[in-house]
Amino acid sequence: MSETIIRDNYFLFYSLVMGISVTVLYDLLRIFRRVVKHGDALISLEDLIYWVVVAISVFYMMHEENNGTMRWFAILGALTGMFIYKKLISNFFVNTISSALNFLLKKKKKVIYILFTPVRAAGKKCKAGAKAAGRKGSRSILYLKKKLTGWWKAFKMILCKQ
């Protein structure tokens, strides 16, 4: 075979791998979205960053492998790689990894909950003590206010008699 045909076959192979890697990268983003819930603005920002990274990667591959010339079989190769990965692996990969990560996070939350049980119990005791002190404190304040009012009235009577 001629050198040109061999180079074109490598280029087709690289475009297949590029299609698969672009789809894997998006699946990683999908897994992140399933594990960490967030709003539409952040999802839009993630998609923007994803497409910028993909555009730079595709441009770099085209520039390095084919001097920036767009070839129809490169586009077809990338689409074929995306399609094959999407149909064979994508859903299984995303569901398995996101389920495993969510399971581990739930277990982690339970372990932290169990470890901090003494801290929560101490916090409840402190809260109850603070409430009791607050009730007694308000009674003390009322008592002090009555005493001060009485002293103030006595002081005013003394001043008025003179």
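**Residues and overall form**

Tutor: Gly 77 counts as buried, its relative accessibility being 2%. The term buried stands for under 20% relative accessible area, exposed for over 50% and partly exposed for what lies in between, with a 1.4 Å probe and protein chains only. The model is predicted, so that local features need pLDDT of at least 70 and side-chain atom pairs count only at pLDDT 80 or more, while totals for chains, interfaces and linings use all residues. Residues are numbered from 1 along each chain as its sequence is written, and side-chain values use heavy atoms, with hydrogens and water left out.

Student: Where does Gly 77 lie?

Tutor: Gly 77 belongs to helix H3. Helices are DSSP runs of H or I with at least four residues, strands are runs of E with at least two, and both are numbered from the N terminus.

Student: Which residues is Gly 77 in contact with, leaving aside its neighbours within four places in sequence?

Tutor: Those residues are Leu 12, Ser 15 and Leu 16, where contact means heavy atoms within 4.5 Å. Leu 16 is 61 residues apart from Gly 77 in sequence, yet the C-alpha atoms of the two are 4.8 Å apart in space.

Student: How many helices and strands are there in the protein?

Tutor: The protein has 4 helices and 0 strands. Read from the N terminus on, its elements run α-α-α-α. The radius of gyration is 35 Å, well over the 15 Å that the globule rule gives for 162 residues, so the protein is more spread out than a compact globule. That radius is taken over C-alpha atoms, and the rule is 2.2 Å times the number of residues to the power 0.38.

Student: What box do the C-alpha atoms fill?

Tutor: Taken along the principal axes, the box is roughly 125 × 40 × 20 Å. Of the 162 residues, 17% are buried. Among contacts between residues at least 6 apart in sequence, 78% join residues at least 24 apart.

Student: And the surface: what does the accessible surface of the protein come to?

Tutor: About 12900 Å², of which 72% belongs to carbon and sulfur atoms. Accessible areas come from the Shrake-Rupley method with a 1.4 Å probe; for residues, only the protein chains shown count as cover.

Student: Back to single residues. Is Arg 30 buried or exposed?

Tutor: Arg 30 is buried, at 18% relative accessible area. Helix H1, residues 3-35, contains Arg 30. Apart from neighbours within four places in sequence, the residues in contact with Arg 30 are Lys 86, Ser 90, Asn 91 and Val 94.

Student: Where is Leu 101 found?

Tutor: Leu 101 sits in helix H3, which covers residues 72-115. With a relative accessible area of 36%, Leu 101 is partly exposed. Ile 31 and Val 35 are in contact with Leu 101 once its neighbours within four places in sequence are left aside.

Student: How far are Ser 21 and Ala 78 separated, by their C-alpha atoms?

Tutor: The separation is 9.5 Å, for two residues that are 57 residues apart along the chain. Ser 21 is part of helix H1 and counts as partly exposed at 36% relative accessibility.

Student: New topic: how many aromatic pairs does the count come to?

Tutor: The count is 5 aromatic pairs. Rings of Phe, Tyr and Trp (its six-membered ring) pair if their centres lie within 6.5 Å; planes under 30 degrees apart are stacked, over 60 edge-to-face, and the rest tilted. Tyr 50 and Trp 51 form an edge-to-face pair, 5.0 Å centre to centre with 75° between the planes. Tyr 50 is buried, at 7% relative accessibility, whereas Trp 51 is exposed, at 52%.

Student: Which residues form one aromatic cluster?

Tutor: One such cluster consists of Tyr 10, Phe 13 and Tyr 14.
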